[in-house]
Amino acid sequence: MNAAAPPIDAPTPPRGLSRWFGPLGRRRWAVFAANRRGYWSLVVFLVLYALSLGSELIANDKPILMSYRGEIYAPVFAEYPETAFGGDFETEADYRDPYVQRLIEDGDGWAIWPLVPFAHDTIDYEIASPAPTAPDARHIMGTDSQARDVFALTLYGFRLSVTFGLLLTLVSSAIGVVAGAIQGYFGGRTDLLLQRGIEVLQSLPILYLLIILASFIVPGFFSLLGVLLVVSWMTLVPVVRAEFLRARNLDYVRAARALGLGNRKIMFRHILPNAMVATLTFLPFILSTSIVILTALDFLGFGLPRGSPSIGELLNQGKNNLYAPWLGIAGFAVMATMLSLLIFIGEAARDAFDPRKAL
Amino acid sequence: MSDAPLLQVRDLSVSFRSEGREVKAVRNISFDLSKGETLALVGESGSGKSSVAMAVLQLLPYPTAFHPSGSIRFDGQELVGADDRAMRKLRGARIGLIPQEPLTALNPLHKVERQVAEALRLHRGKIGREEARERVLELLKLCGVRDPVRRMASYPHELSGGQRQRVMIAMALANEPDLLIADEPTTALDVTIQKQVLDLLYELRERLGMAMLLITHDLGVVGRMADRVCVMTQGEVVEEGPVKDVFRRPKHDYTKKLIGSVPKGGPLPVEDTGSLASTDDLKVWFPIKGWFGRPRDWVKAVDGVSIDVRRGRTLGVVGESGSGKSTLGLALLRISRSEGAIRFDGEEISRRNYKAMRPLRSRMQIVFQDPFASLSPKMTVRQIVGEGLPLHFPELSRDECDAQVRQVLEEVGLGPELLDRYPHEFSGGQRQRIAIARAIVLKPDLVVLDEPTSALDMSVQAQIVELLRELQARHGLTYVFISHDLKVVRALAHDLLVMRAGKVVEQGPAEQLLENPQSDYTRELLNASLEPIA
């Protein structure tokens, strides 16, 4: 609704991405791309995230594609019982089991395995020494204390952390912006009441609250998201509130009132875009905070359920097995890369939204 | 040595490094200033006049700023490139500075006595507390600070703008400098205060025999104060000479334009065709809250004002800052809360809520003072000007809206190629045109103009006044023109209203009121309004 109408005298209609952006968006994109560090951080981050979204095809304990007696199977996408291959059990076939592998070989079959033949929760029973094992040809980043492949663990863990962080950031920012906008724009009693409510919430010790909640809520992806949402939506409120308090008496807002514009339009068309710069500066920090909170909870054992691929748990193992430095190093490397990339992207985005920033 | 000029500036250039490029602020200017003489540097914003002043004090942000060429000699001593220790001995001692903004030039946490005494202590070496105190008192008295004994123990925020500027002058004069640099000394002040401060400066200069370098954009100030004038534009001095000669017989085109830019002419001749808007005993009181939110006292911004805006005419509202004139304008349009009856086109509107006001909004519009604040920075000109159209004329198609926006932009003198630009790409005058376009695209009957010209350069002011007059003639608009500047008001208003401290001092037809003011305050205002050609 806010997008500019296409310029009538434009010689050629812009194509591709830029058509969706409008003139301002194009300018912003140009400023963003001019920040090389931020631009390449975004590229690297997107590539990493895209790759991790396809984790199942990169690291898995099932073949991507296999044939058995002339028929094609895709175990990554569908479950097949062992009996389908002439085995004994009705449960899903364990393709890593030598017995199952022999069955498939007997059936003139072949299998295309993923690059790493372990999923994040695959326990490798054939490691050379007691777990955790150091990096070798079989496990390029070694295994953890439960003989699981660390590379697979970090790959799945990265995906989970970023997805969780993104969801938490988007939802909590949306709530925070709306709440801050209402507080700042209407001010007075509305502001007072909401502000007191926020202060009550903020004064609760988050970590203890989560630890207590974890004892009677089944920890899962969405229940954890919900709980963290309750305590994290306030981050943006003061920033947005301050912007709105400042802007509501500015002349251009008065001019909009003189035009007879409704409150909602004034708030979201006139004030919010100007509050966005401040908001965006905070977004990468909120995202990294969300990821850090999740990791911290996992580290303490109050996070996602056991068996979830988790960087926090990996770090905890690193702490418990100091003689196996590859665990801690892997966890640290993933966290450091992820957080640095996000901050660089955030910086570039902030510059891009600054109207006075020259190209 | 006595006939050598006190300050000799030769071939001075000032440049700023900005992202690898060189921005030339001042190009090869030369001038002399003798003892006891006043030289005015006149120019519009961006002409480089303040850079010259700062260069004399060597207070430019070096090394971002640098001098590609030139020399500044003060009493035979070269200042360009002089080391900081030598400059510190001159600054405040032999060269005094009155900065532009008295609001920010004083340290808010220091009392007046301490600030003025600091200037003394720096250059007089050991000076006793009592001695310093006496001297400060003397200086404040000299500069006409009211009640100086009490004021010495005041913090800057307790003083009014004019009093603060007097304290600044006292600080600049503390060590009886030979040269006083006054950088727009009165721009931030009200007209009557302006006059007092200028009179004071004039008198002090006579008494102390200082030379004065006066930086200003206001030809009125030049005419009153200066012996000689240098006209600057785009970093160059285009004309120099005694004030009277330059004003009477300007040679350079730019000087002619500058002198011609004082808004001239009178309002359009129109007949009185009845009342469009009026108020009856209008009050806008802001509560000062005490404990538990009970109003302890009231700020009476507008206190019982009755006005009558006649259709097709211009009502000029004149007053100094804080007189409630802007609040009156906002209240008339029901943007500010108020008490008392407001009638618009025969209808009582003071009880309508925001929604019920909406149908009337297209008929009453407003243009604000600061064109930098009144346009949403994140919207294009097309969006800004066209925003109200779909709201008030839902029957218009997108193309029709667009056509109207183009037409109205053309009327205010802006081309269609500017439609998709953002406000920060425009100059102040252009922005004010956009703001005017936003108001008149809705075809209003009443437009409140809240100091539409006071944030603009002189030559632009005259253009805007011309534009407003033209639009009034074409569309039969009714204006409420709020201003502190009588020159501008005189060029537009049919009727006048003089306000002071929320109350009406005097009102009536403009001509009659200007010719024959009844109240002392109006007379004082008229007196203070500076005519450039003495």
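Two strands pair if DSSP finds at least two bridges between them. Helices (H or I, at least four residues) and strands (E, at least two) are themselves DSSP runs, numbered from the N terminus. The structure above is a predicted model, in which local features need pLDDT of at least 70 and side-chain atom pairs count only at pLDDT 80 or more, while totals for chains, interfaces and linings use all residues. Residues are numbered from 1 along each chain as its sequence is written, and chains are lettered from A and ligands numbered from 1 in the order in which they are written.

We begin with chain A. Strand S1 (residues 65–68) of chain A is joined to S2(A) by 3 bridges, and the two run antiparallel. Within this pair, Tyr68(A) stands opposite Glu71(A) of S2(A). Both strands belong to an open sheet of 3 strands in chain A, ordered S2-S1-S3 with antiparallel pairing. Its edge strands, S2 (71–73) and S3 (110–112), each pair on one side only. From one strand to the next, the twist averages 20°. In general, strands of a sheet pair through backbone hydrogen bonds, either parallel or antiparallel.

Helix H2 (residues 36–53) and helix H5 (residues 150–186) of chain A pack at an angle of about 110°, with their axes 9 Å apart; axes are lines fitted to C-alpha atoms, for helices over the stretch in contact, and angles run from 0 to 180 degrees between N-to-C directions. H2(A) and H5(A) are therefore roughly perpendicular to each other, a term that covers angles of 65 to 115 degrees. H2(A) contributes Leu48(A), Tyr49(A), Ser52(A) and Leu53(A) to the contact, and H5(A) contributes Leu155(A), Phe158(A), Arg159(A) and Val162(A). Two residues are in contact if their C-beta atoms, placed from the backbone, lie within 7 Å.

The two chains meet as well. On chain B, 27 residues are in contact with 20 residues of chain A. Elements that each supply at least two residues to this side of chain B include helix H13 (354–361) and strand S18 (364–367). The largest share, 3 residues, comes from H13(B).

A residue is buried if 20 or more other C-beta atoms lie within 10 Å of its own, and exposed if 12 or fewer. S18(B) is joined by 4 bridges to strand S19 (residues 446–450) of chain B, and these two run parallel. Here Gln365(B) has Val447(B) as its bridge partner.

An antiparallel pair is found elsewhere in chain B, where strands S10 (residues 228–233) and S11 (residues 236–242) pair over 6 bridges. Thr233(B) has Glu236(B) of S11(B) as its bridge partner. The hairpin has 2 residues between the strands, and Gln234(B) takes a positive phi near 45°.

Burial also describes helix H1 (residues 49–56) of chain B, where 7 of its 8 residues are buried. Just after H1(B), Gln58(B) takes a positive phi of about 55°.

Finally, Gly209(B) lies in the loop between helix H8 (191–208) and strand S9 (211–216) of chain B. Gly209(B) is exposed, with 11 other C-beta atoms within 10 Å. Gly209(B) and Gly36(B) are 173 residues apart in sequence, and 4.9 Å apart in space, C-alpha to C-alpha.

How values were computed
Angles under 35 degrees count as roughly parallel, over 145 as roughly antiparallel, 65 to 115 as roughly perpendicular and the rest as oblique.
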